[in-house]
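Student: I have a structure to go through and have not seen it before. Can we take it step by step?

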Amino acid sequence: MSAAALPPLEPLFNINGKRTRSVFASCPDAGFKDEEKSARLRLAVKIHDEYRDFKELPSALLSQQAHVGPSRPKEQRKLITAGASADAETSRMIAKIDNTPVSQPSTFMSSSKLSQALTLHKTTRTVKPTYHPPWKLARVISGHLGWVRSVAVEPGNKWFATGAGDRVIKIWDLASGELKLSLTGHISTVRGLAVSPRHPYLFSCGEDKMVKCWDLEANKVIRHYHGHLSGVYSLSLHPTLDVLVTAGRDASARVWDMRTKAQIHVLSGHTGTVADVKCQESDPQVITGSMDSTVRLWDLAAGKTMVTLTHHKKSIRSLAIHPTEYSFASGSAGGNNIKKWKCPEGTFVFNFSGHNAIINTLSVNAEGVFFSGGDNGTLTLWDYNTGTPFQNMDDIPQPGSLEAEAGVFCSTFDMTGTRLITGGADKTIKVYAEQSQ
Amino acid sequence: MAALAALLPKPVYETVISDDEEDIVRPSAPAQQQIISTRIPVPPYGQRRGWKPTRPEDYGDGGAYPECHVAQYPLEMGRKKASSGNTLALQVDSEGNIRYDAIAHQGQRPDKLIQSQFKDLVPLLHRKDLEDSDRLMERPSEEEVQATADKTRAALEKLVNGKIKAAQPKNVPDSQGKTSFIRYTPGQQNGDGLKQRIIKMSEIVEDPLEPPRFKHKKIPRGPPSPPPPVLRSPPRKATAAEQKEWMIPPCISNWKNNKGFTIPLDKRLAADGRGLQDVHINDNFAKFSEALFVADRHAREEVRQRSLMQQKLMQKEKASKEENLRMLAQRAREERGGVAPKPTAQGQAAMKASLANYGSDSDSDSDSNDSAEDEDARRIRDEMRQEKRREREREMRMNNMGAEQRAKQLARQQNRDISEKVALGLAKPTLSKESMLDSRLFNQESLSGSFADDDTYNLYDKPLFHGSTAAAAIYKARGNISEGNDDSFGGGTDEGIGKALDNDRFGLGQVRVGFEGANEQEVREGPVQFEKDTGDVFGLNQFLDEAKTGKKRGLDTVAGGSRKRQQLEKVSERE
């Protein structure tokens, strides 16, 4: 009975042997290891037999590969292939056997193995995006009688100004959303607004070719900057100098001396409408985005182009400069339409991919929340450092407006970065707020 | 060659010419390295066949060689600038890789950054040619920012100052103008006159508002900087589906077709967009029409009811009125008969009976008490009725007459019907066809005459009725003796006239009686003589006198009164 009950010995032996091996594999022993020499031989034979033709890329491919294709410096090779220890040993062994010359990196490119290039793409150094709380529509302000085309927040963060297609600039209380003032004077759509942090001035520009300087103590126009040949689409103040840059449909950006109203420079070079212009305190001090689908970085002192960025496929309608990071973003229509650039030389950083619309406006705050508003009313909030979208929203047009009137034209974060103010085609101003937990 | 050189004697004079020249010009000369000259070898005159002076040194300090038939540029004169060629020298970097982007940098400012390579398309994190420090995006420090700001400010201020100065008027001239006095001593002392002169020199005061005398010519702009290399893929060709999506159908109007194309009927129908929109009629229309229908029916019903009610009321009223009349008539009759009103039931019955033979029994009823005058009046009435009836009948007949009959009647009324006269033989209708034609128009001499001459004006030089026509017989001017009618007025003589007066044309015999009262007239001798009548012939004076007295004309009592009265009189006369 007992003999009949016993299991067969063979599988038991096998199981036992496996277990023993697994137990002792962790503490290696000379006797337990394979003989290195034989292993090398075996590998060498195998490499020779099977991979002889693939040790090096074909010459045609190699010549292509030499100059292009991102690949990694040598010391990172370990990082890429870091896996199990046995694999590491094998690779080391391969490296010893393999006497293929490693090509020296040139200034352009080097390290020319396609496999490496391919693995590199998969294992890029991924930066984890930082968490941002979601944003929510907090307030809808209806008061304008036309498309709200421009918005600017006062440096003191008490109020903000909007300019619209009804030719009126309205000043609203930021906290309560109440109308404080309406400024009339433009005779066409107000396309750009800026409040000076160093003067009691509000600057506005419009499709009537006019650039106006409003004195906020008297609420009157005190200066006109005359010179644009067509509608002025954008306006920006220099943060440190008393200089004002406007850009418009005459394919030029103009630099004005704020006090004397003299035109210092005409930044010409674009072949299409300049849709947006931004200023910053260090070079490049002026950045323009144009309908000829190029971005130009300008040397303000000389009035000349430093860099022309031709990566975009369609017209660029908006730019955003990060307040603390030395970079900016540009947005256009189509796929891969938002691009981040590094200053000062305009190096391409990455694409913000996933917002397939005509991008009308971009905004970024100091916390790294990046906002893009589309012409079809789609809103996306991104992490600026990694380019990952963390929230997609749709603009809800106010009741009574057409379906096509769900578009966002302008946006800005307030000075604290906790409110996002947008102006849209449904003639309303919408205030979005971060949802704090 | 060496053997030959060895054979030849050594030259007496060593030429001071370098070996190069010997190579070129005299290849047979032995290669001698004794003297190395830095002079450029120029073949001597007469031996320059095949030699091309190319470098400036070939010319020495002189000009071109006329015997060399090649283009020569002594002192580089006339040579085109060679630097403006389009070809670029091939450049390599330190690794020996060809710098293909040199063409993108060509013509650009040296400080300009030009992105032209694939690496510029690679995201920053994937670039291997950058260090980690290059990937940092730190804002510049305060000092750097300040330095940038200062530098920029300086540059901009310079520009602004220049612009402001340009805008301001530069040299406002003094109102008086600067004057300076110059003592002028003429060079040629001609002896006499002035030795020295003092000259006052002052600038002409310029009008600051004077327009510029010289036209400013605008310098055309220089060529733009070369376009940057484009780092995007070219736009894709539209697929068939996309093209179809973008196809905008041509506008077809139902009202205009200037080119006169033939438009298919379906397109034409589609043009008005009838099929595109589905007609949605508001429900309220249906409600409205329903309400209208209901209201209409209601109103009709009401009207019908009202008219019915009115009819009933009318009937009732009529009945009551008749009753009342009957009552009145009854009472009147009873009163006339001197009979006291009967008790009601009997009275009613009597009334009914009387009503039954209201018209016919009146005379029988009133026979006893009707007077003779009543009888007369009745007769007159009857006659009048008779007359009226006859008249009516006649009118009816007249109305019923046919058109022919009526025409005849009309003609008879106007005395134009001669049918009765024909029957009586008083008138005779023309029978022959010929006589229907007017014979007067025949054989007119004027017509029978020739039409020959246009200038002859003989239309009216003949009497209209002339010759042996009926007209001559009908009309014969008798009074015109002067016209040659000698028979008229008895030839104009006394006895002739007397004869004519006594002429008994119709055979009536001598007048016995004559006109009444004509006997008393004295026999007239000679023509009738008139004398003026001063009396009131037409009674005008009398009329005017009457008018002056103010008597009314219409008030004469002779003119008859009413028609009825006249009739009565007439009837009475007849009786």
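This is a predicted model: local features need pLDDT of at least 70, side-chain atom pairs count only at pLDDT 80 or more; totals for chains, interfaces and linings use all residues.

Student: Let's start with chain A. How many helices and strands does chain A have?
Tutor: Chain A has 7 helices and 28 strands.

Student: And what share of the residues in chain A is buried?
Tutor: Of the 437 residues in chain A, 51% are buried.

Student: What part of the contacts in chain A with a separation of 6 or more is between residues 24 or more positions apart?
Tutor: Such pairs account for 46% of those contacts.

Student: Let's zoom in. Where does F348(A) lie?
Tutor: F348(A) is part of strand β21 of chain A, which covers residues 347-352.

Student: Is F348(A) buried or exposed?
Tutor: F348(A) counts as buried, because its relative accessibility is 4% and the cut-off for buried is under 20%.

Student: Which residues does F348(A) touch, leaving out those up to four places away in sequence?
Tutor: In chain A, F348(A) touches H311(A), K339(A), K340(A) and W341(A). In chain B, F348(A) touches D120(B), L121(B), V122(B), P123(B) and L124(B).

Student: How many Å separate the C-alpha atoms of F348(A) and S327(A)?
Tutor: Those C-alpha atoms are separated by 9.8 Å, and the two residues are 21 residues apart along the chain.

Student: K340(A) was in that contact list. Which residue does K340(A) meet in a salt bridge?
Tutor: K340(A) pairs with E325(A), at 3.1 Å from N to O. K340(A) sits in strand β20 (residues 338-342) and E325(A) in the loop between β18 (316-321) and β19 (327-332), so the pair ties together parts that are 15 residues apart in sequence.

Student: Are K340(A) and E325(A) buried or exposed?
Tutor: K340(A) is buried at 1% relative accessibility, and E325(A) is buried with a relative accessible area of 14%.

Student: Are D250(A) and R254(A) buried or exposed?
Tutor: D250(A) is buried with a relative accessible area of 18%, and R254(A) is buried with 8%.

Student: Over to chain B. What does R109(B) form a salt bridge with?
Tutor: R109(B) forms one with D111(B), the closest N and O atoms being 3.5 Å apart. R109(B) is partly exposed, with a relative accessible area of 26%, whereas D111(B) is exposed at 55%.

Student: And which residues do salt bridges that share partners join into one network?
Tutor: D395(A), D426(A) and K430(A) are joined that way.

Student: Now surface patches. Which residues form a positive one?
Tutor: K388(B), R389(B), R390(B) and R392(B) form a positive surface patch. R392(B) is in helix α11 of chain B, residues 372-400.

Student: And which residues make a nonpolar patch?
Tutor: V537(B), F538(B), L540(B), F543(B) and L544(B) make one of about 570 Å². F543(B) is located in helix α17 (residues 540-549) of chain B, and F543(B) is partly exposed, with a relative accessible area of 45%.

How values were computed:
Residues are numbered from 1 along each chain as its sequence is written. Chains are lettered from A and ligands numbered from 1 in the order in which they are written. Side-chain values use heavy atoms; hydrogens and water are left out. Helices (H or I, at least four residues) and strands (E, at least two) are DSSP runs, numbered from the N terminus. Buried means under 20% relative accessible area, exposed over 50%, partly exposed in between (1.4 Å probe, protein chains only). Contact means heavy atoms within 4.5 Å. Patches are made of residues with over 30% relative accessible area and no salt bridge: like charges are joined within 9 Å, nonpolar side chains (Val, Leu, Ile, Met, Phe, Trp, Tyr) within 5 Å. Accessible areas come from the Shrake-Rupley method with a 1.4 Å probe; for residues, only the protein chains shown count as cover. A salt bridge is a side-chain nitrogen of Lys or Arg within 4 Å of a carboxyl oxygen of Asp or Glu. Lys and Arg count as positive and Asp and Glu as negative; His and the chain ends are not counted. The place of a charge is taken as NZ of Lys, CZ of Arg, CG of Asp or CD of Glu.
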